[in-house]
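Here is a short briefing for a first look. Start with the sequence and the structure below.

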Amino acid sequence: MIKENKGSALGTVILGIIAVVFLFPVFIVLINSFKTRFAISQSPFTLPDSLTFVGIENYIKGVRDTGFLSAFFWSLFITVFSVGVIVVFTSMTAWYITRVKNLLSRTLYLLFIFSMIVPFQMVMFTMSKIANSLSLDNPIGLILIYLGFGAGLSVFMFSGFVKSVPLGIEEAATIDGCNPFETFWYVVFPILKPTSITVAILNTMWIWNDYLLPYLVIGNEYKTIPIAVQYLKGGYGSIDMGAMMAMLVLAILPVVIFYLACQKYIIKGVAAGAVKG
Amino acid sequence: MEKTLKRWFPVFVLPTGIAFLIAFLIPFIMGIYLSFCEFRTVTDAQFVGFVNYVRAFTENSDFVNALWFTVKFTVVSVISINIIAFALALALTRGLKGTNLFRTVFFMPNLIGGIVLGYIWQVIINGVLYNFGYSITSDATYGLLGLIVLMNWQMIGYMMIIYIAGIQNIPHDILEAAKVDGAGKIRMLFNIIIPSVMPSITICLFLTITNCFKLFDQNLALTAGAPAKQTQMAALDIYNTFYGRIGFEGVGQAKAVVFFLIVAAIALLQLYFTGKREVEG
């Protein structure tokens, strides 16, 4: 018994050390965001002192140079509406192609699955040109593009769950006089809730952090947070490391808050998504 | 009900279908066609056959180097990520104190975007190398190691979550029976735990291989391919071919098709192995 306790105490200590190693990079970025750019490149591992401490100067400069506030707004706008649109429309599509058995449904299903294995580089050039010529190169148009790109995984995950929804419930709703639209929204969609949460979380993680797609489609006029961070690098590879550190902190902060608030759902969703994907 | 539902096709399928057509299907088909064409924009294409594919490999050695670098990075990262993630999952399924807190911490980096991750590690690695008078772009080895460390930091927690789910699904009586039969820890691990979590291992291998192979953001932010394109991975090379110089759009598209075929082959292999085991099990 005593031996067992010793073993588990040692285990906790070792895991504790690993946890510190895991948190270390974020901690370094945080302390450096309050230092002069010179001190950041020369001694990034020391705490700010009276010589190197610059207060929130880096934050002010970074926010001003990158237009961080508008980037934050656009990131939030694009993520929230894209995820909402994806959950609403792909769940409807998944229900339809699972319930209506014909060649078109089967073809669509296979195409959605196929799209999941195609790397973005394959379509980035043609997609951004098409988006441009259809005037989709704005935040609203980007939502439509995210619906198309997110459709593969989302339809696939919803379809997997729809198969387990008993037909009897849907038939009862039809007999009670619901049309398919009402049947879906009043009966099926509430049952799909766990999958909706998983789909929403996986798509949020993807869209919030996505860089290349929004950069190619709307990057000339609008910045999201990843675009704003990359923008700091400038044309000739010179970076204001002070402003960069401050922007990294501001980019990580919303993610950490979201994570701590929805941790249970995120970890469950990621595990569920992986098993199905 | 199916007949009534059929008439509702425009409501249920059309929005997703149109978006899918515009964002994926048409660009994909055009992409295949354009890889056989010479073009600047998508409207001035001239069919040239396999010229772009030949140029992708012969014009310079960028693409071959990038693919080779990608393979090296992927092999090392996949092995280290999965071993460390599996070890952590074993440790976190023993009911130790603070298990939930550790799980929260280990998973956290996975939520941070690739661009941000790249700059975080650039500061740290440059900070270490500064003491020796180097920076991450002085030598390709530093860039490779940096990418591997970064990828480990990002993906270990994710794979750990999947392994934990797999380990927790092992029926308790099997483990008890093995213990009663006097199986040691090592034998338990190799004869019972690992065979029982094979589905999780397949998923994790596939996720790590494809994520490493397609890596772009982290590569762009950490080294952007420096020095002299030596740390440029395949995705970044394709991007630079498209947007770096005018006149290489067709070559870029041909490289993209080759890249797609490799990724698709990996996916089919995964499907084959998963299917095979499901039949056996």
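Helices here are DSSP runs of H or I with at least four residues, numbered from the N terminus. The model is predicted.

**Domains of chain A**
- Chain A splits into domain 1 (2-55) and domain 2 (67-231).
- The centres of these two domains, taken over C-alpha atoms, are 39 Å apart.

**A:Ser105**
- A:Ser105 sits in helix H5 of chain A, which covers residues 103-116.
- A:Ser105 has a relative accessible area of 4%, so this residue is buried, as buried means under 20%.
- Beyond its neighbours within four places in sequence, A:Ser105 contacts A:Tyr96, A:Ile97 and A:Val100.

**Helix H13 of chain B**
- This helix spans residues 234-244 and is mostly covered.
- Of its 11 residues, 8 are buried.
- Among them are B:Leu236, B:Ile238, B:Tyr239 and B:Phe242.
- B:Asp237 and B:Thr241 are also on the buried list.

**Cavities**
- The model has 3 cavities of 30 Å³ or more.
- The largest cavity holds about 80 Å³ of space.
- Residues of chain A line the largest cavity, including A:Trp208, A:Pro226 and A:Val255.
- Residues of chain B line it too, including B:Ile112, B:Gly113 and B:Val116.
- Four helices each supply at least two lining residues: H10 (193-209), H12 (225-231) and H13 (241-261) of chain A, and H7 (114-130) of chain B.
- The lining of the largest cavity has 9 nonpolar, 3 polar and no charged residues.

Technical notes:
Residues numbered from 1 in each chain as written. Chains lettered and ligands numbered in written order. Predicted model: local features only at pLDDT ≥ 70, side-chain atom pairs only at ≥ 80, totals over all residues. Heavy atoms only, no water. Buried < 20%, exposed > 50% of the residue type's maximum accessible area, 1.4 Å probe, protein only. Contact = heavy atoms within 4.5 Å. Domains from an automatic or database assignment. 1 Å grid on protein atoms, 1.4 Å probe; cavity = no way out; pocket = protein on both sides within 12 Å on 5 of 7 lines; lining within 4 Å. Points joined across faces, edges and corners; volume = space filled by probe spheres on them. Nonpolar A, V, L, I, M, F, W, Y, C, P; charged D, E, K, R; others polar.
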